[in-house]
Every structure is written in C-alpha cells, then in structure tokens.
Amino acid sequence: MSSKKLGALWLLLASTPAVAHTGTGLAGGFAAGFAHPLTGLDHLLAMMSVGLWGAFLGRPLIYALPVIFPGVMVLGAALGMFAVPLPTVETGVALSVLVLGACIALSLRAPVWVASAIVAVFGIFHGYAHGRELPSAADPAGYSVGFVLATGMLHLAGISIGLLNDIPRGVLVTRSLGGAIGVAGGWFLYRAVVS
Amino acid sequence: MRGMTLLCGSLGLAVLLAASWIGHRHLSLLLRVVSSWLLAITALLTILQCLPVTPGYLPDHVE
C-alpha cells in the first residue's frame, strides 16, 4: 500500500465524530443540573447555610429545613419553567445568602414557623432560577434530578459543618463562617441592585 | 420520562416506608429527608411532562 493510501487510512481511522453536542442525554443533563448549584456561589452558599442554620436550631428544624427548601424549590422551578413573571430573582437569591448568613452569625433562634417561612420564601427564588434554565437543558429530566440532589447534598454539607458547634469554640467558627456568608450575600445584593 | 417519574416516585415511597420500619431514630429521619427529595424530583418530572415545549427534547441536526 502506498504511503498516501496509508496516510488516508490513518486519518480515516483517527477521525472522531463531531463533539459539539456534549452534555446531551440523561447523564449530560444530570451532570449539568448537579453542577448548577455548585458552580453558582450564591446558590452554593445559600443551600449550605440552610443546613448550617438548621444545625444551629436543632430538632426538628435540622431535619425539616432540608425537606422544606427542596420541596418549595420545586414550586419555584415550576414557576420558572412556565415563565411566570417573578421580578428580582437575582435580588431574592442574593438576599437569601445575606439573611441566612446573618441568622447563623447572630445565632438566631427563630421559632419553627418563622425559620420555615424564611427558608420557604428563599427556596422559591432559587427554584425559579434553576427552573428558568431547565427547559433549555440537554435533558430536563436528568437536570431536575441533578439539581435537587445537589441541593440536598449541600444541605447535608452545611449540617456537617454545624457539627463543629459540639466542639469547644466550634460555635465561634461557625458563627464567623455565617458572618462571611452574610458579607458575601451583601456583595451579591449590591451587584444585583446596581447592575 | 414517565418511566423515570414512576421510578423516582416508587423509590421515594419505598425509602419512606423503610424509614418508618427502622428503629434507629437518626437513620429514620435521614431516610425521611432523602425520600422527600425523591418525591420532590417526582413532582418536578411530573410538571415537566405538562410543559408545552421542552427545547431540550426537540431533535437537533445530530439526531
């Protein structure tokens, strides 16, 4: 076989299909959905704060808040999917980081219904933000599974950090963390309002 | 998607059932939390099926 034919054969064998459409299918949608809360710092901090604040509040909220937030988030996602107008979503998300961070920093022991209401309201904003992107995802079903599970994992991560409260000076560490989250929330809010 | 919805819903209910059987309090509560996520996913998948158009499912030039 001549070298030209060998070269052509090699090129033919080495060629790959067009990979412009990455992230498709159930796995791609799941990966995109799972990454969405993790890659958005505002989402990540807010969802960890829900778990962390729940750890401060103890039973039953340590278990109730990670149930309420994802549940209400689904409602918010539905509003987003059906393009129901909801003004100032970015402001709502930023405010969630600020308020939850402040609640942790101040070690605020709210009654069950107050804490639940706060988390529920913010859950709508976060869900709406996820839902607005969901219909254009490669696989909306996989995307849905991904972002709900990621949300739950972040809540558990927050609760795990809250276990520091049981060690000496652990409360100081977690409250400082809450303060840092609150400051970040203030920065997000400033950007959301100014832009 | 219907299959996935049924699967998630069944799994959520199964985990909830298991949670009520288990005697260990913390594990039972953790399972209840996990089952709530699965049921939330089920609700979301159900809502997805009511969407008039889901761009992600429209065939593109690759398909």
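User: Let me start with one residue: what does Thr91(A) count as, buried or partly exposed?

Analyst: Good place to begin, and please keep in mind that this is a predicted model. Thr91(A) counts as partly exposed, because its relative accessibility is 22% and buried means under 20%.

User: Where does Thr91(A) lie, and which residues does it touch?

Analyst: Thr91(A) lies in helix α5 of chain A. Not counting residues up to four places away in sequence, Thr91(A) touches Leu189(A) and Ala192(A).

User: OK, zooming out. How many helices and strands does chain A have?

Analyst: Chain A has eight helices and zero strands. Read from the N terminus, its elements run α-α-α-α-α-α-α-α.

User: How much of chain A is buried?

Analyst: Of its 195 residues, 49% are buried. As for contacts in chain A between residues at least 6 apart in sequence, 84% join residues at least 24 apart.

User: What about chain B: how many helices and strands are there?

Analyst: Chain B comes to two helices and zero strands. It has 63 residues, and 35% of them count as buried. Taking contacts in chain B between residues at least 6 apart in sequence, 59% join residues at least 24 apart.

User: Back to α5 in chain A. At what angle do the axes of α3 and α5 cross?

Analyst: The axes of α3 (residues 41–57) and α5 (residues 89–105), both of chain A, cross at roughly 35° and come within 9 Å. The crossing of α3(A) and α5(A) is left-handed.

User: Which residues make that contact?

Analyst: On the α3(A) side they are Asp42(A), His43(A), Leu45(A), Ala46(A), Ser49(A), Val50(A), Leu52(A), Trp53(A) and Phe56(A). On the α5(A) side they are Glu90(A), Val93(A), Ser96(A), Val97(A), Leu100(A), Cys103(A) and Ile104(A). By class, the contact has eleven nonpolar, three polar and two charged residues.

User: I spotted Ser49(A) in there. Why does it count as buried?

Analyst: Ser49(A) counts as buried because its relative accessible area is 0%, and the cut-off for buried is under 20%. Leaving aside neighbours within four places in sequence, Ser49(A) is in contact with Leu100(A), Ile104(A) and Ile181(A).

User: And Leu45(A), is it buried or exposed?

Analyst: Leu45(A) is buried, with a relative accessible area of 15%. Not counting residues up to four places away in sequence, Leu45(A) touches Val97(A), Ile181(A), Ala184(A) and Phe188(A). The C-alpha atoms of Leu45(A) and Gly185(A) are separated by 8.6 Å, although these residues are 140 apart along the chain.

User: Now Ser144(A). Which residues is it in contact with, leaving aside its neighbours within four places in sequence?

Analyst: Ser144(A) is in contact with Leu134(A), and also with Leu44(B), Leu45(B) and Leu48(B). Ser144(A) sits in helix α7 of chain A and counts as buried at 0% relative accessibility.

User: One more residue: where does Ile124(A) lie?

Analyst: Ile124(A) lies in helix α6 (residues 112–133) of chain A. It is partly exposed, with a relative accessible area of 24%. Leaving aside neighbours within four places in sequence, Ile124(A) is in contact with Val72(A), Leu75(A), Gly76(A), Leu79(A) and Leu86(A). Ile124(A) and Pro70(A) are 54 residues apart in sequence and 9.2 Å apart in space, C-alpha to C-alpha.

User: Which residues line the second largest pocket?

Analyst: From chain A, the lining has Arg59(A), Ile62(A), Tyr63(A), Pro66(A), Leu156(A) and Ile159(A). From chain B, it has His26(B), Leu30(B) and Val33(B). By class, that is seven nonpolar, one polar and one charged residues.

User: And which helices each supply at least two residues of that lining?

Analyst: Those are α4 (61–81) and α7 (140–162) of chain A, together with α2 (25–48) of chain B.

Technical notes. Residues are numbered from 1 along each chain as its sequence is written. Chains are lettered from A and ligands numbered from 1 in the order in which they are written. This is a predicted model: local features need pLDDT of at least 70, side-chain atom pairs count only at pLDDT 80 or more; totals for chains, interfaces and linings use all residues. Side-chain values use heavy atoms; hydrogens and water are left out. On a 1 Å grid over the protein atoms alone, a cavity is a set of points where a 1.4 Å probe fits but cannot get out, and a pocket is an open set with protein on both sides within 12 Å along at least five of seven lines; lining residues have an atom within 4 Å of a point. Helices (H or I, at least four residues) and strands (E, at least two) are DSSP runs, numbered from the N terminus. Ala, Val, Leu, Ile, Met, Phe, Trp, Tyr, Cys and Pro count as nonpolar, Asp, Glu, Lys and Arg as charged, and the others, Gly among them, as polar. Axes are lines fitted to C-alpha atoms, for helices over the stretch in contact, and angles run from 0 to 180 degrees between N-to-C directions. A crossing is left-handed if the near helix is turned anticlockwise from the far one by less than a right angle, and right-handed if clockwise. Contact means heavy atoms within 4.5 Å. Buried means under 20% relative accessible area, exposed over 50%, partly exposed in between (1.4 Å probe, protein chains only).
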